[in-house]
Amino acid sequence: MTSWTVRLLGLRASLVMSGDRVGFEMSLPAGSLKRGVAGMLAQKSARQASAAMAPEPIDPDLAELARQVAGVTWYQSIDLGRGFVTPGFYDHRPILERYSLPERLDGMRVLDVATFDGFWAFEFERRGAAEILALDVDCMSDIDLPFRRRALASEEELAAPFGQGFSIAHAARRSRVQHVTCNVYDLTPERFGRFDFVHVGDLLLHLRDPALALSRIRNVTSRYAFISDVIYPDLDRFDDQPIMQYDGGAGENIWWRFGARALRRMIEDAGFDQVEELNRFRYGPRGKDATLWHVIYRATP
Ligand SMILES: C[S@@+](CC[C@H](N)C(=O)[O-])C[C@H]1O[C@@H](n2cnc3c(N)ncnc32)[C@H](O)[C@@H]1O
């Protein structure tokens with residue numbers, strides 16, 4: 001017998017396969033739902049228990065999707081339809097409005113830089129973008145690893161593919177988004193043209209040279225770029241000083257801790273004439289405390 005588990009609206013749903021039979025088991029994490037809902041489910045549970053335990057034949061496509069979803073470590077929680085949400089390390093869905101994105105992107109050419117599993121690119125598709133490119137590197141070897149970490153990494157580690165979730169989510173959502181493998185430092189208008197809307201989420205802190213990346217991003221932006229990243233407001237305590245702290249690729253490959261003023265200055269210095277702070281909020285990994293400050297800038301060339 002094989003089983004896969006996905007989380008859905010606080011419920012744990014396990015897909016159980018035995019021979020050619022497939023069944024679902026659902027369970028509630030203790031204390032996670034309001035009492036009324038729990039009570040309602042408790043009344044139903046006696047009636048449903050026997051049915052839930054008895055495997056029923058289900059859509060083999062759904063079983064295959066569950067198998068694929070379970071085989072990937074997801075960074076982003078993505079709605080795949082038919083009741084599946086990928087168990088991402090981060091879930092941006094409940095805080096989407098804090099990103100102050102345009103409601104509609106109809107007719108626009110959109111670029112999502114550092115797309116990972118593609119959450120933002122799919123969101124821009126949902127908002128009507130005409131064409132969407134989702135850009136990311138291929139594997140760990142392509143990111144800015146500190147010298148010693150790279151030297152100590154095995155070939156397997158360096159070749160480990162990134163964003164495997166993208167193609168699963170892309171197929172499940174029947175998406176039109178185009179995935180391109182490219183380092184942000186190699187982004188040029190000659191290769192990709194220009195974009196009405198460019199999105200860059202939580203990338204700059206992971207780069208050795210965020211100023212160079214921003215200038216590459218500026219060169220492909222025709223209308224505006226939405227740039228969000230982690231900030232450390234303590235670093236803004238000295239009036240007018242654009243301060244960032246060097247972390248040298250420590251921990252989860254963090255090169256820089258930005259003060260908001262330093263990040264804004266860097267965006268301006270990349271050639272964006274107008275940089276507007278749209279929002280500032282804290283969030284954290286799914287199910288954990290919201291500890292990290294994020295800032296959202298809209299930058300216009
Ligand atoms: C913290 S994740 C952010 C993912 C996504 N943008 C989001 O906001 O949820 C960092 C992403 O940056 C990508 N990345 C790291 N270095 C990169 C580079 N030099 N060029 C392009 N993408 C890069 C990683 O592969 C990963 O997808």
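Analyst: A residue is called buried if 20 or more other C-beta atoms lie within 10 Å of its own, exposed if 12 or fewer do, and partly exposed in between, with the C-beta atoms placed from the backbone. The model is predicted, and local features need pLDDT of at least 70, side-chain atom pairs count only at pLDDT 80 or more, and totals for chains, interfaces and linings use all residues. Residues are numbered from 1 along each chain as its sequence is written.

Of its 301 residues, 28% are buried. Two residues are in contact if their C-beta atoms, placed from the backbone, lie within 7 Å. Counting contacts in the protein chain between residues at least 6 apart in sequence, 60% join residues at least 24 apart.

Start with helix α6. This helix covers residues 165-172, and Gly165, Phe166, Ile168, Ala169 and His170 are its buried residues. They pack against α2, β4 (79-81), α3 (119-126), β7 (131-136) and β8 (178-181). Why is Leu65 counted as buried? Leu65 is buried because 21 C-beta neighbours lie inside 10 Å. Beyond its neighbours within four places in sequence, Leu65 is in contact with Leu80, Phe84 and Ala172. The C-alpha atoms of Leu65 and Phe84 are 8.9 Å apart in space, although the two residues stand 19 apart in sequence.

What follows the end of α6? The helix is followed by Arg174, whose phi is positive and near 50 degrees. Arg174 is a residue other than glycine with a positive phi. Its place is in the loop between α6 and β8. Arg174 counts as exposed, because it has 7 C-beta neighbours inside 10 Å.

Now turn to helix α10 for a second case. In α10, the buried residues are Ala260, Ala262, Leu263, Arg264, Met266 and Ile267. An α-helix has 3.6 residues a turn, so residues three or four places apart point the same way. Arg265 is also placed in α10. With 16 other C-beta atoms within 10 Å, Arg265 is partly exposed, whereas Arg264 is buried. The cover over the buried residues of α10 includes α8 together with the strands β10 (221-231), β11 (244-249), β12 (254-258), β13 (274-283) and β14 (292-300).

The pairing with α8 can be described by its geometry. Helix α8 (residues 210-219) and helix α10 (residues 260-269) pack with their axes 8 Å apart and at an angle of about 45 degrees (axes are lines fitted to C-alpha atoms, for helices over the stretch in contact, and angles run from 0 to 180 degrees between N-to-C directions). On the α8 side, Pro210, Ala211 and Leu214 make the contact, and on the α10 side Met266, Ile267 and Asp269 do. Of these, Met266 and Ile267 are also among the buried residues of α10. Arg265 gives another distance across the pair: its C-alpha atom is separated by 9.9 Å from that of Ala211, and the two residues are 54 apart along the chain.

The end of α10 also has a positive phi just after it. There Gly271 takes a value of about 110 degrees.

Asp202 lies in the loop between β9 (195-201) and α8. Its phi is near 50 degrees, again a positive value in a residue other than glycine. Asp202 is partly exposed, since 16 other C-beta atoms lie within 10 Å. Ser141 is found in the loop between β7 and α4 (147-152); β7 is one of the elements against which the buried residues of α6 pack. Is Ser141 exposed, partly exposed or buried? With 15 C-beta neighbours inside 10 Å, Ser141 is partly exposed. Setting aside neighbours within four places in sequence, Ser141 is in contact with Leu158 and Ala159. From Ser141 to Glu157, 16 residues apart along the chain, the separation between C-alpha atoms is 8.1 Å.

Notes:
Helices (H or I, at least four residues) and strands (E, at least two) are DSSP runs, numbered from the N terminus.
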